[in-house]
Amino acid sequence: MDVKRIQLGMNVNIQRSDGRVHLAAVSVIDIERRLVGVEWFEAGDTKGKEVDLDAIFSLNPELRKPLALANRSSSQKSHDSSRDVPVSASIRKKNDRRTVCNNPNQSISKSNPSLPKEQHDPKLKTPLVVGRRRGLRSQSASDTVQKEEHPRPSGKMAPPSRLPSRPPSRPKSGDDGSGPQPVQKKEGKEKVRAPPRKSNCVKEVEKMQKQREERRAKQKDQISKIQEYDPTNPNWEFLRMIVEHRSHLELHPLNFEEEAVEHKICVCVRKRPLNAKERNRKEVDVVTIPDHCTTLVHEPKQKVDLTKYLENQQFRFDYSFDESSTNDMVYKFTAKPLVRTIFNKGMATCFAYGQTGSGKTHTMGGTFTGKDQDARKGIYAMATADVFKLLKSSAYSSKNLIVCASFFEIYCGKVFDLLNKKKKLRVMEDHNQQVQVVGLTETEVTSVEDVLRLIALGNSARTSGTTSANQHSSRSHAIFQLILRVNNPRRQLHGKFSLIDLAGNERGADTSTSDRQTRMEGAEINKSLLALKECIRALGRKGAHLPFRGSVLTQVLRDSFVGDNSRTCMIAMVSPGFTCCEHTLNTLRYADRVKELGPGKGEPKPSKPAKSDCIPSSPIHSDLAELEECLKESGDPDSSLEVMTFHEAVLNILQAEEALVDAHKEALEVRNKTCKEEERLVALTDDPDYNRDDYVQQVVQLLQAEQARIGALLGQFMEFQEKLVEEETASKKVKRLPFV
């Protein structure tokens, strides 16, 4: 028997377990197991079974004939089947090689008339598949064929054929029932045949199509959301996330009608609006002020897989002012409660702290209209107006007080008088441990206009530099003081109000890439801010050691940190821009550490005993060690060894520089005297009778003394060069300063 006679899609006779014989389509040929998988369509379902090859050849004797005779028999059978059974046009396409038999009995009787008629199945009323679509792969019999008379479950082989284009014909009356059964009608309607099951391939295609439609709908939704924002903004995704986060917040900003609460140490935050440059750069506002004491920073982050997300950080302070707050509102809740303190023999201090360009000068000095500043709308002027108002009130008019003002700056550890052509001043301490700024100009004022003129004069002389944030960045601490004194010859101090505009605290780039002047500026600003923070913290811990000698700024403000009647307010200014997020977080963390006024570790250290009358302050080097100790006790992260070593190197330069300059000035004065003496000796030589021995002896003495002075001065300059090298080496070990 030639197995090659059996081909896929061929119609062969099979015998069911109940004895019925009918045609079925060959779907699988397993030569090794000598099995043939066949399928047929019955009662709306595709059924199948495995048949032994010997059974196939016994029921289909034409397969035993020679190949030529078998081809003619097969052609004749196909011709008869196609003549008796109509085939739909869609099945007769070129890529669908199928033949449908609507009357299995007729085909069986023609192909094998010797079979008994009663053995044919009268229930077979659906077409049989005799061919396969082009490209359909054959499967193993165990995976594709069901056992007999059981419908195939979903997920197996697809139905081998489509439904015919028209329903099968009804049998004639008097038929013995061996043909197809007639279609039954119920209530005047034809019985609807169940649709064929879908193959796995079709289901996968439909699933992919559904996913594609969902993906396109999601993309369409994203595009619609993008169109709500500026598509040219590179940070529109962060903007969308921030707007979505804000939509879930309940906003209750500070109201001007609310009453100000008095604090011994008040720490507040003010957010400025985006400026014109930031709006032109399409920067995103990353700071939110939801209520009167909360500040949120939406820090943009990016994962390793480039997924963007926000890290929302929350800070709480005494007051939080949003971008709509005016200088009047800020003054009402910050500096105004401190004015009455100086009339009660107290010391009041108000700091403006923040990054360059965050609005410190705008808040303290007054609002700007272009390049013109309106000083009347600054805290300086508003505090002065309230001082004169209280001075004229009935409660204080009888105390015979006068108001004086001074304005000076601290730059690189040196004090300069802004009201006297930036004259260099010296900070000294008297026998009562009161710090005195020797030579500081103190002017009596009688009106707000007098104060405004002094402020304008001082601001014009203030040291500034160019930074990435501002063309005229303030690189010094400006201190404006309103002093109440008793109007008598002794002019006793009654109270003092210090208003400080601190230098910009923005972090610089890598210190190894900056020039020495910038590094020294940054180091001095950083050191003064560290010392200021520790002094304010000590103010909240009664009896704690006050490291005021840690910087010149805290030395000058020492009297504002001692005593029970001292009050301090710090206004942290933040920029809302996307590019300023790191500086904003740095400012808020500094202000947050200032507000942490819990008890320190260990017992408070007593203050240093008094020195002698009117002597300079203690060496800064020893006080830097005390500052470092305070930072370590409080667990401050800014007390790293590299940072403190760098500060020490900078301080050594400042100390050596001052001594070197003084020695050089003294050498110049002596040299001028020597030159005059040499000129006198030279004039003696005009006399013919001058004493040559005395002339030579005196000139030699002058030159030897000059040589000794030059040698000593040269040694000081050599030592100073070594300190410069040490500073440069230390700067390379510090990546970033904490506050600059």
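**Notebook: loops, sheets and helices**

I began with Arg 34, which lies in the loop between strand S2 and strand S3 (35-42). The model I am reading is predicted, so I note that local features need pLDDT of at least 70 and side-chain atom pairs count only at pLDDT 80 or more, whereas totals for chains, interfaces and linings use all residues. Residues are numbered from 1 along each chain as its sequence is written, and side-chain values use heavy atoms, with hydrogens and water left out. For the element names I rely on DSSP runs numbered from the N terminus, a helix being H or I of at least four residues and a strand being E of at least two.

I looked up the backbone of Arg 34 and found a phi near 55°, a positive value in a residue other than glycine. Most residues other than glycine have a negative phi. At 35% relative accessibility, Arg 34 counts as partly exposed; buried means under 20% relative accessible area, exposed over 50%, and partly exposed lies in between, with a 1.4 Å probe and protein chains only.

Leu 306 also went into this entry, with a phi near 70° in a residue that is not glycine. Leu 306 lies in the loop between S9 and S10, and its relative accessibility of 60% counts as exposed. The hairpin of S9 and S10 has 5 residues between the strands. Strand S9 (residues 294-302) and strand S10 (residues 308-316) run antiparallel and are joined by 9 bridges; two strands pair if DSSP finds at least two bridges between them. Within that pairing I marked Thr 294, which stands opposite Arg 316 in S10.

S1 and strand S2 (residues 21-30) are joined by 5 bridges, and Gln 15 stands opposite Val 21 in S2.

How many residues of strand S7 (residues 265-271) are buried? I find that 7 of the 7 are, so S7 is largely enclosed by the rest of the structure. Both faces are covered, with Ile 265, Val 267, Val 269 and Lys 271 buried on one side and Cys 266, Cys 268 and Arg 270 buried on the other.

**Entry: helices**

Helix H13 (residues 516-539) has 24 residues and should span 34 Å at 1.5 Å a residue; its end C-alpha atoms are 34 Å apart, which agrees. The expected span is 1.5 Å times one less than the number of residues. H13 is mostly covered, with 21 of its 24 residues buried. H13 packs against helix H17 (residues 641-684) at an angle of about 115°, their axes 10 Å apart, and the two are therefore roughly perpendicular, the class that runs from 65 to 115 degrees.

Helix H15 (residues 581-595) reaches 21 Å from its first C-alpha to its last, close to the 21 Å expected for its 15 residues. In H15, 11 of the 15 residues are buried, among them Cys 581, His 583, Tyr 590 and Arg 593.

Val 448 lies in helix H12 (residues 448-461) and is buried, with a relative accessible area of 17%. I checked its C-alpha against that of Tyr 380, 68 residues away along the chain, and the separation is 9.6 Å.

**Entry: cysteines**

A search of the whole structure for disulfides finds 0, where a disulfide is a pair of cysteine sulfur atoms within 2.5 Å. I noted that Cys 293 is buried, with a relative accessible area of 9%, whereas Cys 675 is partly exposed at 36%.

Definitions and conventions:
Axes fitted to C-alpha atoms, helices over the stretch in contact; angles between N-to-C directions. Parallel < 35°, antiparallel > 145°, perpendicular 65-115°, else oblique.
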